[in-house]
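The entries follow in the order in which I looked things up.

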Amino acid sequence: MSRIFSGIQPTGNLHLGNYLGAVRNWVKLQDDFECIFCVVDMHAITMWQEPAELTASTREVAAAMIASGVDAKQHIIFNQSQVSGHAELAWIFNCVARLGWLNRMTQFKDKAGKNKENASVGLYAYPNLMAADILLYKATHVPVGEDQKQHLELARDIAAKFNNDFGVENFFPQPEPLILGTATRVMSLKDGTKKMSKSDPSDLSRINMTDDADTIVKKIRKAKTDAEALPGDVKGFEGRPEVANLMGIYAALSDATMDETLTKFAGEGFGTFKQHLADLAVAKLGPIQDEMRRLMAAPDHVDQVLRDGAERARAISEPIMQDIKKTVGFLNV
């Protein structure tokens, strides 16, 4: 069976974009792939994290995976820092990847902004760690959003260069991207041109997975829209990014296509549509949120899932890491 690796950062509150863009799709992939799902706490510290908050967020993200239906017995859930091979292979890949490759990574420019001289080396080099995450398990497929495709291409380049440099044809596979479903890129409720983000200063810009029903309804009611009726086809989204975003969220939550959603609401006003969207969001997210709260109230179970997952991840990765070290020429006496 083909193997998937995917990760999610434990930074701030998990939100609807994380759920629709990643976690929900992971649940759907479980029947067809061997899955390794990782809370990437090492990636998180490329920017400063309050240690106690990082610990709590790691548990929260793991709880969200379990509550959403990721099967921790059939598949693997763990946090990255428990498996040392991620850091070891990242260093090797630091010595394989070229500066020119990293200079082309647009996410570093976006995250560092005008203060790139003050950004951490980790933020600059983290695509190499992402490549290590994937290739440490010789994953064949990676679910990615549009904004991560460039990093997966880098992982493929690193795999090919390692294979070529050390004369080990096909040692590392060329992992394939999986881009799945409607609303894989969920945008801010306040600005449809910006991705929904934990770092947005306005809590009204996102639906957190910990929001209660009243808060979800309030945020959807306050979401930015315009005075025109809902369109009947995608051409009507032109110049209306907030409309496209809200209808995309409805389509994803209802497991419908965008065409079906457009047909259902064509000509409707936003007052009616927002009520339908709020009712749907509460119905779909409520059971997950209830289970998350139950798990967070008894974190020992979540910790045990992560502990077991790390042990199983090491069982897969350690023999591969030993082969990598031998290939590179590291002496093991």
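**Entry 1: helix H1 against helix H3**

I began with helix H1 (residues 16-29) and helix H3 (residues 51-68), whose axes come within 9 Å and cross at roughly 50 degrees. H1 is therefore oblique to H3, where angles under 35 degrees count as roughly parallel, over 145 as roughly antiparallel, 65 to 115 as roughly perpendicular and the rest as oblique. I noted that H1 passes H3 in a right-handed crossing. From H1, the residues Tyr19, Val23, Trp26 and Val27 make the contact, and from H3, Ala64, Met65 and Ser68. I sorted this contact of H1 with H3 by class and found six nonpolar, one polar and no charged residues.

The model is a predicted one, in which local features need pLDDT of at least 70 and side-chain atom pairs count only at pLDDT 80 or more, while totals for chains, interfaces and linings use all residues. Residues are numbered from 1 along each chain as its sequence is written, and side-chain values use heavy atoms, with hydrogens and water left out.

For the terms above, axes are lines fitted to C-alpha atoms, for helices over the stretch in contact, and angles run from 0 to 180 degrees between N-to-C directions. Helices (H or I, at least four residues) and strands (E, at least two) are DSSP runs, numbered from the N terminus. A crossing is left-handed if the near helix is turned anticlockwise from the far one by less than a right angle, and right-handed if clockwise. Contact means heavy atoms within 4.5 Å. Ala, Val, Leu, Ile, Met, Phe, Trp, Tyr, Cys and Pro count as nonpolar, Asp, Glu, Lys and Arg as charged, and the others, Gly among them, as polar.

**Entry 2: two further helix pairs**

I turned to helix H9 (residues 213-222) and helix H12 (residues 270-297), whose axes come within 9 Å and cross at roughly 150 degrees. The crossing of H9 past H12 is right-handed. On the H9 side I listed Ala213, Ile216, Val217, Ile220, Arg221 and Lys222; they meet Lys274, Gln275, Leu277, Ala278, Ala281, Val282, Leu285 and Gln289 in H12. By class, the contact of H9 with H12 has nine nonpolar, two polar and three charged residues.

I next examined H4 and helix H13 (residues 299-328), which pack at an angle of about 25 degrees with their axes 11 Å apart. H4 and H13 are therefore roughly parallel to each other, and their crossing is left-handed. Gly85, Glu88, Leu89 and Ile92 of H4 meet Met321, Ile324, Lys325 and Val328 of H13. I counted five nonpolar, one polar and two charged residues in the contact of H4 with H13.

**Entry 3: aromatic pairs**

How many aromatic pairs are there, if ring centres of Phe, Tyr and Trp (its six-membered ring) must lie within 6.5 Å? The count comes to 14. The ring centres of phenylalanine 5 and tyrosine 137 are 5.7 Å apart with planes at 10 degrees, so this pair is stacked (planes under 30 degrees apart; over 60 is edge-to-face, the rest tilted). Phenylalanine 5 lies in strand S1 (residues 3-8) and tyrosine 137 in the loop between helix H7 (121-135) and strand S4 (141-143), so the pair ties together parts 132 residues apart in sequence. Both phenylalanine 5 and tyrosine 137 are buried (under 20% relative accessible area; exposed is over 50%, partly exposed in between, with a 1.4 Å probe and protein chains only).

I also recorded phenylalanine 93 with phenylalanine 172, an edge-to-face pair at 5.7 Å centre to centre and 75 degrees between the planes. Phenylalanine 93 is in helix H4 (residues 85-94) and phenylalanine 172 in the loop between helix H8 (149-165) and strand S5 (176-178), 79 residues apart. Phenylalanine 93 and phenylalanine 172 are buried. Phe93, Phe162, Phe166, Phe171 and Phe172 form one aromatic cluster.

**Entry 4: loop residues**

I looked up lysine 138, in the loop between H7 and S4, and found a positive phi near 50 degrees. Lysine 138 is partly exposed, at 27% relative accessible area. Asparagine 170, in the loop between H8 and S5, has a positive phi of about 65 degrees and is exposed at 63%. Most residues other than glycine have a negative phi.
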